[in-house]
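Here's a quick briefing to read with the model open beside you. Have a look at the structure first, then work through the topics below.

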Amino acid sequence: MESLIRSVYGRADAEYVIKKSRFIATVCEVKSEDEASAFIDEVKKKYWDARHNCSAYQVGPDGRFQRSSDDGEPAGTAGRPILEVLKKQGLTNTAIVVTRYFGGIKLGASGLIRAYSHTAALGLEAADIAVYTPFTILTATVAYPLVSTMERFVPDHGGTITDRQFAADVTFTMEVPQSDSDAFAASLTDTTSGRVTCQKTGTLVKPVVCGS
């Protein structure tokens, strides 16, 4: 089974100041290398007057597409440390730009690595994290006396009702995490003494946001 994609959700930013240098992390969810490049260019335009806009991203399952840039800082002191933060946290489809306004005091190579790593980590701490999870789409047609049972059962067992069609009976459309769908359907049938059975009508993958 292909590993789930875990990424930031939306955007976030954070700041860190050390020895008068101001570091600003801007993080963003991206779905492709083109999106990552466009985001990096956007941040560079926003902070056009900064000394450096260093960046890194991972895109695709298992972060198979990676890139980092020191943007004028000594080689290996900025882009690579930012990328390592992404790797350590297991995030893909995520881009980070760490902007530096130089404060006049040099930090040295080790100081730069710590500053860029720390600022990137602060940016991720400020972001919501989403796990892109496979869901099974189920439908069930029930008699009206069972509607209230359905309304209680579905959310109580980890599902979401996405549609209701009212006719002679009521047809519910539900989304349930794929890993739980078989148990969900069996439990629903058991709870209703066999009066309700589910049909699998499709699958989808959507983000489940779990906070920072």
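Predicted model: local features only at pLDDT ≥ 70, side-chain atom pairs only at ≥ 80, totals over all residues.

Residues are numbered from 1 along each chain as its sequence is written, and side-chain values use heavy atoms, with hydrogens and water left out. Helices (H or I, at least four residues) and strands (E, at least two) are DSSP runs, numbered from the N terminus.

**Helix α2 on helix α3**

- Helix α2 (residues 79–88) packs on helix α3 (residues 108–126) at an angle of about 40°, and their axes are 8 Å apart.
- That angle makes α2 oblique to α3; angles under 35 degrees count as roughly parallel, over 145 as roughly antiparallel, 65 to 115 as roughly perpendicular and the rest as oblique.
- Axes here are lines fitted to C-alpha atoms, for helices over the stretch in contact, with angles running from 0 to 180 degrees between N-to-C directions.
- The α2 and α3 crossing is right-handed, meaning the near helix is turned clockwise from the far one by less than a right angle.
- On the α2 side, P81, I82, V85 and L86 make the contact, and they meet I113, Y116, S117, A120, A121 and L124 of α3; contact means heavy atoms within 4.5 Å.
- Sorted by class, the α2 contact with α3 has 9 nonpolar residues, 1 polar and no charged ones. Ala, Val, Leu, Ile, Met, Phe, Trp, Tyr, Cys and Pro count as nonpolar, Asp, Glu, Lys and Arg as charged, and the others, Gly among them, as polar.

**Helix α5 and its two sides**

- S181, F184, A185 and L188 are the buried residues of helix α5 (residues 181–191); buried means under 20% relative accessible area, exposed over 50% and partly exposed in between (1.4 Å probe, protein chains only).
- Looking down the axis of α5, those buried residues fall within an arc of 95°, so they line one face of the helix. The arc is that of the directions from the helix axis to the C-beta atoms.
- Over on the other side of α5, D182, A183 and D190 are exposed.
- The buried residues of α5 pack against β7 (128–142), α4 (147–156), β9 (170–177) and β10 (199–209).
- As for α4 and α5, their axes come within 11 Å and cross at roughly 150°, and the crossing is right-handed.
- M150, F153 and V154 of α4 touch F184, S187, L188 and T191 of α5 there, a contact with 5 nonpolar, 2 polar and no charged residues.

**Positive phi in two loops**

- Most residues other than glycine have a negative phi.
- K20 has a positive phi of about 75° although it is not a glycine; K20 sits in the loop between β2 (11–18) and β3 (21–29) and is exposed, at 64% relative accessible area.

- N93, in the loop between α2 and β6 (94–101), is buried with a relative accessible area of 7%.
- Beyond its neighbours within four places in sequence, N93 is in contact with I5, S7, C28, E29, V30, K31, Q58, V59 and G60.
- K31 lies in the loop between β3 and α1 (33–46) and is partly exposed, at 48%.
- The C-alpha atoms of K31 and V59 are separated by 6.7 Å, though the two are 28 residues apart along the chain.
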